[in-house]
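Here is a short briefing on a protein model. Please read it alongside the sequence and the structure.

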Amino acid sequence: MRRLAPALLLAVWLPAAGAAAGPDAQALARLAERQAVPLAELEAAVGSARLNPEVLALMRRPWEAKPWYQYRPLFVTAQRIQAGVRFWQENSELLTRAEQTYRVPAALITAILGVETAYGKQMGRHDVLGSLYTLGFHYPERADFFAKEFAQLVLLAREEQLPLTALKGSYAGAMGMGQFMPSSYRHYAVDFDGDGRRDLFASRADAIGSVANYFAEHGWRWRDPVVEPAEASAPVAEALIGQAPEPGLRWQTLSEAGLRLATPPADDTLVRLLALEEVDGPRYWVARHNFYVINRYNRSPLYGMAVHQLSQAIQDAYAAQQTPPPQPGLVPGRL
């Protein structure tokens, strides 16, 4: 089927979206009760929100629909790696404190901020209230989730004294340097700079501490492996690939099927087998618990791998710049 140009795609959506009605009174009352939001506040938010057809179009062509060999170059680039090193250098005290407090690597925190918003430089241009209204009440595929987030945004704006109708973020309603959804903002954000507010838009300290806290609360295991390339034959591997993000196979099962790793875990270690599409065919990877934790941020294995590889590249580049160069005339390793 021929793919429509973006402008035509919006034109296709506009009549249907414009004709769609907002939530009825009973549905809004049920949402207010379930999310513990005063009905009057929710009604006022609905009255202030505007339908955004562009959001509906963007939801139907996400970046995660690309093959790995096209997705990776969007995020794991020399420019983003060097920008990550600079961000780490500029915020080394904060990242060290977050690493020590939450036992989450500074390189991982940095990579999340790099993938999500280019270290705070691209936090989104969409009206968050309008995005969540559009998806919560005009996008049946995931209406329950986004309607809940709409209600959570109303609570968040009141609690953190945020301007409800002026917040900008992603087309899916994520906000701030770490792109937290409203419910995640309310639950995982921390006041890491101690100023009495949790500001994920302007405070690098709060953004760094909040990402670290998110991973800690989702069970990040300090110094545990994340993911490793596997040697496997395609027919055997394809039969073992599952869609669930959780590691659900014992490594012994994969080992007995003929898969090989450079550093195999204990037989009873729960793992997940991934297939990522390269130009010349699939490559297989064995993911462990920490990869699943990254996927709690975004369920796509492409996202998880991009974050992991960017974090490793930033770690290596940062370490290389921390090592002083040898003095002229000295042979390394000799006095």
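Predicted model: local features only at pLDDT ≥ 70, side-chain atom pairs only at ≥ 80, totals over all residues.

Residues are numbered from 1 along each chain as its sequence is written, and side-chain values use heavy atoms, with hydrogens and water left out.

**Confidence**

- The protein averages a pLDDT of 90, and 90% of the residues score at least 70. pLDDT is the predictor's confidence in each residue, from 0 to 100.
- Residues 1-19 have pLDDT below 50, and this stretch has 15 contacts beyond near neighbours in sequence. Contact means heavy atoms within 4.5 Å.

- Four strands form an open sheet in the order 3-6-5-4, with antiparallel pairing. Strands (E, at least two residues) and helices (H or I, at least four residues) are DSSP runs, numbered from the N terminus. Two strands pair if DSSP finds at least two bridges between them.
- Strand 3 (227-230) and strand 4 (249-250) are the edges, and each pairs on one side only.
- Strand 4 pairs with strand 5 (residues 270-278) in the antiparallel sense over two bridges. L249 has V271 of strand 5 as its bridge partner.
- Strand 5 and strand 6 (residues 281-287) are antiparallel, paired over seven bridges. L273 lies opposite V286 of strand 6.
- Two residues make up the hairpin link from strand 5 to strand 6.

**Helix 6 against helix 8**

- Helix 6 (residues 78-90) and helix 8 (residues 106-117) have axes that come within 10 Å and cross at roughly 125°. Axes are lines fitted to C-alpha atoms, for helices over the stretch in contact, and angles run from 0 to 180 degrees between N-to-C directions.
- Helix 6 is therefore oblique to helix 8. Angles under 35 degrees count as roughly parallel, over 145 as roughly antiparallel, 65 to 115 as roughly perpendicular and the rest as oblique.
- R80, G84, F87 and W88 of helix 6 meet A106, A107, T110, L113, G114 and V115 of helix 8.
- These contact residues comprise six nonpolar, three polar and one charged. Ala, Val, Leu, Ile, Met, Phe, Trp, Tyr, Cys and Pro count as nonpolar, Asp, Glu, Lys and Arg as charged, and the others, Gly among them, as polar.

**Helix 8 against helix 16**

- The axes of helix 8 and helix 16 (residues 301-322) come within 8 Å, crossing at roughly 125°.
- Helix 8 is therefore oblique to helix 16.
- Helix 8 contributes A107, L108, T110, A111, I112, V115 and E116 to the contact, while helix 16 contributes Y303, V307, L310, S311, I314 and Q315.
- Nine nonpolar, three polar and one charged residues make up this contact.
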